[in-house]
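Hello,

Here is the structure I promised to pass on. Please look it over first, then read my notes below.

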Amino acid sequence: MPEKEWLNKFDCKIDLEAYFSEKQIGVTPIDILEIGNIHFPTGTVFACDPMIELEDAFPYIQKVPVGTYPVKICVVPSEKYGDRYACVKVEMSAKKPSRYEMGMTGKERLDEELKDGDFFGFGVDAGMGCIADIQTQREYKKYWQKRCEKEPNIDSYDDLFCELLEESYKENPKYQCQYGDWANWTVPGTDCNILIFSSGWGDGLYPCYFGYDENHKICGIYILFIDIETEYAE
C-alpha cells in the first residue's frame with residue numbers, strides 16, 4: 001500500500017479542471033463532449049484498456065462516494081491531427097479541486113528510482129481507455145463467460161466493443177470517427193455500466209487523478225491523455 005508521502009509525491013502539476021472550464025489551454029482551443037452518466041455501485045473504481053485488461057485490472061486505493069455521475073471529455077479539435085481526447089472527467093460535484101492525487105492500485109513498484117515528472121498509470125495497447133466500478137468488472141466477467149459458453153469462437157474486440165463503438169458513432173457522430181471513439185455501455189441485466197473512449201494519441205501509459213476540494217472530499221476523477229499546453233505548443 002502506498003504511503004501518504006508517495007501519494008503527495010505524485011500530485012498533478014497541471015490544472016486539469018481548466019480542461020473543462022476554459023475555452024482554450026495555452027494557445028489551443030478546446031471543446032467539451034458529454035457522454036452520459038456512470039454508475040459506481042461500490043465506489044471502488046478502476047481504469048484500463050478495455051480491450052486488454054477489463055477482466056483483470058486492479059482498482060485504485062482511493063474510494064469515491066457511491067452514486068451516479070456525469071462524464072465529460074475534453075476534446076482538442078484539429079483538422080491537422082484529428083480530434084483528440086485530451087482528458088476524461090467524472091464529475092462528483094461542482095466544486096473546483098484544490099489538489100490532484102494520482103490514482104494508485106497498491107501494486108506499484110515503489111522501490112524503483114523515480115524522477116520528477118514520472119508517474120504511474122494504466123497501459124493502453126489498443127488505443128482505448130475506460131473507467132468503471134469494480135462491481136461492473138464482476139458483472140462483465142459473468143456476462144462474457146455466458147456468451148462464450150454459447151458462442152465459443154467469439155472475440156470481445158470484434159463481437160462486442162467494435163459493435164458498441166460503431167453504434168455510438170451512428171447515434172452521436174460529433175468528435176467521433178466512423179469506427180467510433182467512445183461508448184457508454186451497460187452490462188445486460190444489470191445497472192453497471194462502463195465508459196469507453198479513445199486514448200489521446202493512442203497507445204501508451206496514462207495516469208488517473210482524483211481531485212480533492214478544499215474540504216478534502218473527492219470532487220472529480222480525471223484521466224489525463226494529453227498535456228495540451230506542452231504537446232500542442234507552437
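The protein chain has 6 helices and 14 strands.

A word on the source. This is a predicted model, where local features need pLDDT of at least 70, side-chain atom pairs count only at pLDDT 80 or more, and totals for chains, interfaces and linings use all residues. Residues are numbered from 1 along each chain as its sequence is written, and side-chain values use heavy atoms, with hydrogens and water left out.

Now the overall shape. The C-alpha trace spans about 50 × 45 × 35 Å along its principal axes. The radius of gyration (taken over C-alpha atoms) is 17 Å. That agrees with a compact globule of 234 residues, which would be near 17 Å by the rule of 2.2 Å times the number of residues to the power 0.38.

Next, burial. Buried means under 20% relative accessible area, with a 1.4 Å probe and protein chains only. By that cut-off, 50% of the 234 residues are buried.

Then contacts, meaning heavy atoms within 4.5 Å. Take those with a separation of 6 or more: 73% join residues 24 or more positions apart.

Which residues does Glu-214 contact, leaving aside neighbours within four places in sequence? They are Lys-95, Lys-96 and Ser-98. Pro-97 is 117 residues away along the chain, yet its C-alpha lies 7.1 Å from that of Glu-214.

Best wishes

How values were computed:
Helices (H or I, at least four residues) and strands (E, at least two) are DSSP runs, numbered from the N terminus.
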